[in-house]
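Here is a short briefing on one protein. Look over the sequence and the 3D view, then read the points below.

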Amino acid sequence: MTPLPLSMGFLAQYALKPALGVFVARLFGVAPMFYAGFVLMACVSSAKLSSYASFLSKGDVALSILLTSSSTIASVLFIPLLTGLLIGSVVPVDAIAMSKSILQVVLFPVTLGLVLNTYKKQLYLFFNP
């Protein structure tokens, strides 16, 4: 697999989507509170169902999984950075606290699940529904 599809996915996820979010929020002239929420939603990854949608549409499921995994890892850096840049003037954004929260809520459980699945299969199967 060449790096071009992954690069295009990253560019769409962390440049195009947030830019479109800012554009639409400004186009409709929403209140600052709604502007912040709209732009924040545009900055957050939305790839949770993409693997299933790729499978149903006979798309590249491996690329979808790779994009989902890499955007989840990159979210620790990019979401606080983007929200600080794009909505920091509207709403105070604590980028360090946001990064810590993303690590605790997203990356730590995923990493723990992968480690348990790889090295402690019986324990993983005990907790797996």
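This is a predicted model. Its confidence is highest in helix H1 (residues 3-28), at a mean of 90. Confidence is lowest in helix H6 (residues 121-127), where the mean is 77. For the protein taken together, the mean pLDDT is 84. A pLDDT of 70 or more is reached by 96% of the residues.

**Overall build**

- The protein has six helices and zero strands.
- Following the sequence gives the pattern α-α-α-α-α-α.
- The C-alpha trace spans about 55 × 35 × 25 Å along its principal axes.
- Of the 129 residues, 26% count as buried.
- The accessible surface amounts to about 8,900 Å². Carbon and sulfur atoms hold 76% of that surface.

**Helix H1 against helix H4**

- Two packed helices are described by the angle between their axes and the distance between the axes.
- Here, the axes of H1 and H4 come within 10 Å. They cross at roughly 35°.
- The crossing of H1 past H4 is right-handed.
- On the H1 side, the contact is made by Pro 5, Leu 6, Gly 9, Phe 10, Tyr 14, Pro 18 and Val 22.
- On the H4 side, the contact residues include Leu 63, Leu 66, Leu 67, Ser 70 and Ser 71. Also among them are Ala 74, Ser 75, Phe 78, Leu 82 and Leu 86.
- What kinds of residues make up the contact of H1 with H4? They divide into 13 nonpolar, four polar and no charged.

**Two residues of helix H4**

- Helix H4 covers residues 61-87, and Val 76 lies in it.
- Is Val 76 buried or exposed? Its relative accessible area is 16%, so Val 76 is buried. The cut-off for buried is under 20%.
- Leaving out residues up to four places away in sequence, Val 76 touches Ser 99, Ile 102, Leu 103 and Leu 107.
- Ser 64 is also placed in helix H4.
- Ser 64 counts as buried because its relative accessibility is 7%.
- Which residues does Ser 64 touch, not counting those up to four places away in sequence? They are Ser 50, Ser 51 and Ser 54.
- Val 76 and Ser 64 are twelve residues apart along the chain. Their C-alpha atoms are separated by 19 Å.

**A proline in helix H5**

- Pro 109 sits in helix H5, which runs over residues 95-119.
- Pro 109 has a relative accessible area of 39%, so it is partly exposed. Partly exposed residues fall between the buried limit of 20% and the exposed limit of 50%.
- Pro 109 touches Leu 103 and Gln 104, not counting residues up to four places away in sequence.

**Two loop residues**

- Where is Ser 45 found? It is in the loop between helix H2 (32-43) and H3.
- Ser 45 counts as buried because its relative accessibility is 12%.
- With residues up to four places away in sequence left out, Ser 45 touches Gln 13, Lys 17, Ser 71 and Ile 79.
- Ser 45 and Leu 27 are 18 residues apart in sequence. From C-alpha to C-alpha, they are 22 Å apart in space.
- Lys 58 belongs to the loop between helix H3 (50-56) and H4.
- Is Lys 58 buried or exposed? At 74% relative accessibility, Lys 58 counts as exposed. The cut-off for exposed is over 50%.
- Lys 58 is not a glycine, yet it has a positive phi of about 60°.

Key
Residues are numbered from 1 along each chain as its sequence is written. This is a predicted model: local features need pLDDT of at least 70, side-chain atom pairs count only at pLDDT 80 or more; totals for chains, interfaces and linings use all residues. Side-chain values use heavy atoms; hydrogens and water are left out. pLDDT is the predictor's confidence in each residue, from 0 to 100. Helices (H or I, at least four residues) and strands (E, at least two) are DSSP runs, numbered from the N terminus. Buried means under 20% relative accessible area, exposed over 50%, partly exposed in between (1.4 Å probe, protein chains only). Contact means heavy atoms within 4.5 Å. Accessible areas come from the Shrake-Rupley method with a 1.4 Å probe; for residues, only the protein chains shown count as cover. Axes are lines fitted to C-alpha atoms, for helices over the stretch in contact, and angles run from 0 to 180 degrees between N-to-C directions. A crossing is left-handed if the near helix is turned anticlockwise from the far one by less than a right angle, and right-handed if clockwise. Ala, Val, Leu, Ile, Met, Phe, Trp, Tyr, Cys and Pro count as nonpolar, Asp, Glu, Lys and Arg as charged, and the others, Gly among them, as polar.
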